[in-house]
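Subject: A structure for you to look at

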Amino acid sequence: FVALEKAQFSSEIFDIADALYDEVASQLSDRDKIRNSHLVSECMKIINECYGDKNLCVEEIAQRLGFSANYLGRKFKQLTGSSIATMIITVANILK
């Protein structure tokens, strides 16, 4: 904010504001990456621990994590490229 006080031209103010915006956007992006990584990690932890449970499904995992099943299913697929149901089957087949 010291730079803003020293700015003499509106173009300098816009440049400083643009740099601040980029920094905030970067920090938010990093925070989202950490949050998303944690979400996938928590899902995988549950899947690895409970893959043998015939009742394990998106709804069960979502309930444990405090999300709606629709949100969790969409977010997991967006982040991993795989549905939770497919991941449960894959893990079960690998760990049998």
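One definition to start with: a residue is called buried when its relative accessible area is under 20%, exposed when it is over 50%, and partly exposed in between, using a 1.4 Å probe and protein chains only. Please keep in mind that this is a predicted model, in which local features need pLDDT of at least 70 and side-chain atom pairs count only at pLDDT 80 or more, while totals for chains, interfaces and linings use all residues. Residues are numbered from 1 along each chain as its sequence is written, and side-chain values use heavy atoms, with hydrogens and water left out.

**The overall picture**

The protein has five helices and zero strands. Helices (H or I, at least four residues) and strands (E, at least two) are DSSP runs, numbered from the N terminus. Of the 96 residues, 23% count as buried. A contact means heavy atoms within 4.5 Å. Among the contacts with a separation of 6 or more, 47% join residues 24 or more positions apart.

**Helix α5**

Helix α5 covers residues 84-95, and at 1.5 Å a residue its 12 residues should span 16 Å, which agrees with the 16 Å between its end C-alpha atoms. The expected span is 1.5 Å times one less than the number of residues. Which residues of α5 are buried? They are Ile-84, Met-87, Ile-88, Val-91 and Ala-92. These residues cover an arc of only 130 degrees around the axis, which puts them on the same side of α5. The arc is that of the directions from the helix axis to the C-beta atoms. Ile-89 and Ile-94 are exposed on the other side of α5.

In α3, the buried residues are Val-58, Ile-61 and Ala-62. They fall within an arc of 100 degrees seen down the axis, so they line one face of α3. After α3 comes Gly-66, with a positive phi near 80 degrees.

In α4, Leu-72, Lys-75 and Phe-76 are buried. Their arc around the axis is only 100 degrees, which puts them on the same side of α4. The face turned away from that buried side carries the exposed residues Asn-70, Arg-74 and Gln-78. Gly-81 follows α4 and also has a positive phi, near 85 degrees.

How do these two helices meet? The axes of α3 (residues 58-65) and α4 (residues 69-80) come within 8 Å and cross at roughly 100 degrees. Axes are lines fitted to C-alpha atoms, for helices over the stretch in contact, and angles run from 0 to 180 degrees between N-to-C directions. The two helices are therefore roughly perpendicular; angles under 35 degrees count as roughly parallel, over 145 as roughly antiparallel, 65 to 115 as roughly perpendicular and the rest as oblique. Val-58, Glu-59, Ile-61, Ala-62 and Leu-65 in α3 meet Ala-69, Leu-72 and Gly-73 in α4.

**Two residues of helix α2**

Asn-36 sits in helix α2 (residues 10-50). Is Asn-36 buried or exposed? With 18% relative accessibility, Asn-36 counts as buried. Not counting residues up to four places away in sequence, Asn-36 touches Lys-75 and Leu-79. Lys-33 is also found in α2, but at 57% relative accessibility Lys-33 counts as exposed.

Enjoy exploring!
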